[in-house]
There are 2 protein chains.
Amino acid sequence: MSYPKKLTEMNREELSAFRDEMQAVYDGYKAQGLALNMSRGNPCREQLELSVGMLDVFDDHDFMSESGIDVRNYGMLDGIPEAKKLFSDMIGVGEDEVIIFGNSSLNAMFWAVQTAYNKGILGSTPWSRLDKVRFLCPVPGYDRHFKVTEFFGIEMINIPMTPDGPDMDMIESLVAEDDSIKGIWCVPQYSNPDGISYSDDTVRRFASLRPAAKDFRIFWDNAYCIHHLTDSPKLILNILDEAKKVGNENIVYIFGSTSKITFPGAGVAVMGGSHENVEELKKHLGISIISYDKMNQLRHVKFFGSFENMCDHMKKHMAIIEPKFRLVCESLSREIAPLGIGEWTEPEGGYFVSFNALSGCAKHIVQLCAEAGVTLTGAGATFPYGKDPEDRNIRLAPTYPPIGDLKKAMELFIVSVKLASAQKLLAEG
Amino acid sequence: MSYPKKLTEMNREELSAFRDEMQAVYDGYKAQGLALNMSRGNPCREQLELSVGMLDVFDDHDFMSESGIDVRNYGMLDGIPEAKKLFSDMIGVGEDEVIIFGNSSLNAMFWAVQTAYNKGILGSTPWSRLDKVRFLCPVPGYDRHFKVTEFFGIEMINIPMTPDGPDMDMIESLVAEDDSIKGIWCVPQYSNPDGISYSDDTVRRFASLRPAAKDFRIFWDNAYCIHHLTDSPKLILNILDEAKKVGNENIVYIFGSTSKITFPGAGVAVMGGSHENVEELKKHLGISIISYDKMNQLRHVKFFGSFENMCDHMKKHMAIIEPKFRLVCESLSREIAPLGIGEWTEPEGGYFVSFNALSGCAKHIVQLCAEAGVTLTGAGATFPYGKDPEDRNIRLAPTYPPIGDLKKAMELFIVSVKLASAQKLLAEG
């Protein structure tokens, strides 16, 4: 059975018949009692196995950092030198421009916002003392970013995404005129959830931003910097290098982690930026901790040896998850495209496929899937305050389920999209 | 040569002769070019070796928590159940009254203060919105506690210590009348640096505190809860149990860690309190992190198996460090006591010996030691704002140096005390 006709071109009778047919198919899935999860960007078990060798690196009982410090003990607030080397390469900063954190870059970002909020940045007024503080949020984006700014009562402004990255005209104009705008959340390589990599022009314009607020910072969450799904990835420009070229190196805080390189629960997170930014942040950091887990830092260094080896390691991840992304995109192309009831990105890296349904359908689709046993990221989660103004966007996370489960989950997702779309068009009609 | 006479009983001539003799001895040490460190409570290498077996617990490649979660992946914000069991036993709370953190209890404390400061506690006004926020600080105390409250601009009030714990009369009276007083820092078992364990009466009075501020919390840093230096330790009362008896269970936040049980750089930190406190804190915690390092949690659980085994493990630590404490106390008894130029505690646990010199001598003694190559904790560090009003207190940390080095460092310390004291008395005379 095929539906070469777009749903919007069907008459009421055709649409009703389609709706009834989809309801029956949907009910069939519901009867199966599925229990599948596509909600978060979790690596699957096979991916976790790739790094288990890391647990043997201390079999020689050599716990000395090249600095002469025993990594089991206290000290080295900002990380051991060999970890600084490895991870500064990863996020594209110098070894003196980096701080190594614990297992969570989200925690590093929260801490950086907290620091600006409570203590200010390089002598500026702490954000907590200002009447209004605002952040720009390219949408759709990462829900956990938005929750951090919401926690501090920071007002969030939606910025539309384009295929080249966030709308730079809008950003440049807003930050130039409004000094209450203190930051922007960015996932520049394979954005979450769109999978968009910022163009060279976009990165250069970010690097050259001259905001009214001197304490404006770009929160550059390069979470997927080496998380490619093709053999010939296009890398974004190095924003710190570009910013230095125009004498603007304090504009950006850069974040990264090995959560999706080694272990999500036990990786290493890292933050980088200009020497001036990093030196100030280190002073504050020493109040909140003596040192992060240096054993885990050395574990990573010993396991990888070099950044090149880390990049090679990512090819093993690609081999496991690329077929899952292909399955998602191919089934959407086959089943949804001809009906004209959805759009999506075909990412070349990262962890998500961003699906846009007909307006007003996203919540309903997610609910239909939930009621039939497939958990998706909540509709609206990809927007500040959980409010998708058009109720369209759904983030699909294909990495975690085994491919058989993913196939089944996508079948249910697709029938839910069809059913919800038909109901929507009939209700409007 | 012996000096049975107290320095305060010497005449000027005797004192001058003594000073000259000590100067010569001191110069002799200085010429040796020592480079020793007694500044921080770092475990020594032998102590670190005690827990190296923990690195082999995953040799079976079994990474499943009893909850069915793979500890390598995301999730379990507040910790895996088996870690909650182990560490709730350690700090004396229920398994539903605990949050497992990363490697740093200081970080957990910073976060808890940050949360109260930015979001308030159980509906109260965030501390950041108040004109004045104050904390009580038993002195001498832990410098890193004081730095946290200083970071947030919280005014600190010194509370004298007694052999039974902080001066409870003063605390009860202050908190009853002043609702700007929001908290107190406590190290109840083997206090830092005095090594004082709070009496049962002190714990009960803390548990029964009825502060004017509803959002007052006791920050009960039970850092040395099982860190005994005797075979028959006296344990403090369980404050949460006592608080429950009087319907006051929200009064206390309890902290602990394995920093000095397994690895200072790679242990597990924990926080406990009433169900109501913990539930609210978990909601905030989820904004700042997805999960802490659950592999390290399971590593600890598999290594110890039970809290009883953890306590047995501490006896191995005691065997290593008790002789170091004995050396410090015996050399002070032998060399300083007869001269009447210092007082100190003889701790039955914890990590420090607290030495009180003649008033006005602490900075000078620390400087003399530093100039001859022995680093001590900075004088004043044990007081808020680094200001010891009497310039008397010096925190000695005997655990880290090998015993031969410790002996040499103590020799230098003792001659520095003698020299500084004689110079002081001569200058006054």
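Visitor: Which residue stands opposite A:Phe135?
Guide: A:Phe135 stands opposite A:Gly183, which belongs to strand 6 of chain A, a strand being a DSSP run of E at least two residues long and a helix a run of H or I of at least four, both numbered from the N terminus. This is a predicted model, in which local features need pLDDT of at least 70 and side-chain atom pairs count only at pLDDT 80 or more, while totals for chains, interfaces and linings use all residues. Residues are numbered from 1 along each chain as its sequence is written, with chains lettered from A and ligands numbered from 1 in the order in which they are written.

Visitor: In what sense do strand 3 and strand 6 of chain A pair?
Guide: They pair in the parallel sense, over three bridges; pairing requires that DSSP finds at least two bridges between the strands.

Visitor: What order do the strands of the open sheet in chain A have?
Guide: The sheet has eight strands in the order 2-9-8-7-6-3-4-5, with mixed pairing. Strand 2 (98-100) and strand 5 (165-166) of chain A are at the edges with a single partner strand each, so one side of each has no neighbour in the sheet.

Visitor: And which helix packs on the sheet, touching strand 8 of chain A?
Guide: Helix 4 of chain A does, and it also touches strand 7 (217-221) and strand 9 (269-273) of chain A, where contact means C-beta atoms, placed from the backbone, within 7 Å of each other. The direction of helix 4 makes about 155 degrees with that of strand 8 (252-257) of chain A; axes are lines fitted to C-alpha atoms, for helices over the stretch in contact, and angles run from 0 to 180 degrees between N-to-C directions. Helix 6 (residues 168-177) of chain A lies across strand 3, strand 4, strand 5 and strand 6 of chain A, and runs at about 160 degrees to strand 6.

Visitor: How many residues does each chain give to the contact between chain A and chain B?
Guide: Chain A and chain B contribute 41 residues each. On the side of chain A that touches chain B, helix 4 of chain A gives the largest share, with five residues, and that side divides into 20 nonpolar, 14 polar and seven charged residues.

Visitor: How are the two copies related?
Guide: A rotation of 180 degrees with 0.0 Å of shift along its axis superposes chain A on chain B, at an RMSD of 0.1 Å, using least squares on the C-alpha atoms of residues with pLDDT of at least 70 in both. That is the relation of a two-fold axis. The same surface serves both copies, as 100% of the contact residues of chain A recur in chain B.

Visitor: Last topic: which domains does the assignment give for chain A?
Guide: Domain 1 (7-47 + 311-428) and domain 2 (63-305), with bounds from an automatic or database domain assignment. Their C-alpha centres lie 31 Å apart, and their contact takes 23 residues from domain 1 of chain A and 27 residues from domain 2 of chain A.

Notes
Two residues are in contact if their C-beta atoms, placed from the backbone, lie within 7 Å. Ala, Val, Leu, Ile, Met, Phe, Trp, Tyr, Cys and Pro count as nonpolar, Asp, Glu, Lys and Arg as charged, and the others, Gly among them, as polar.
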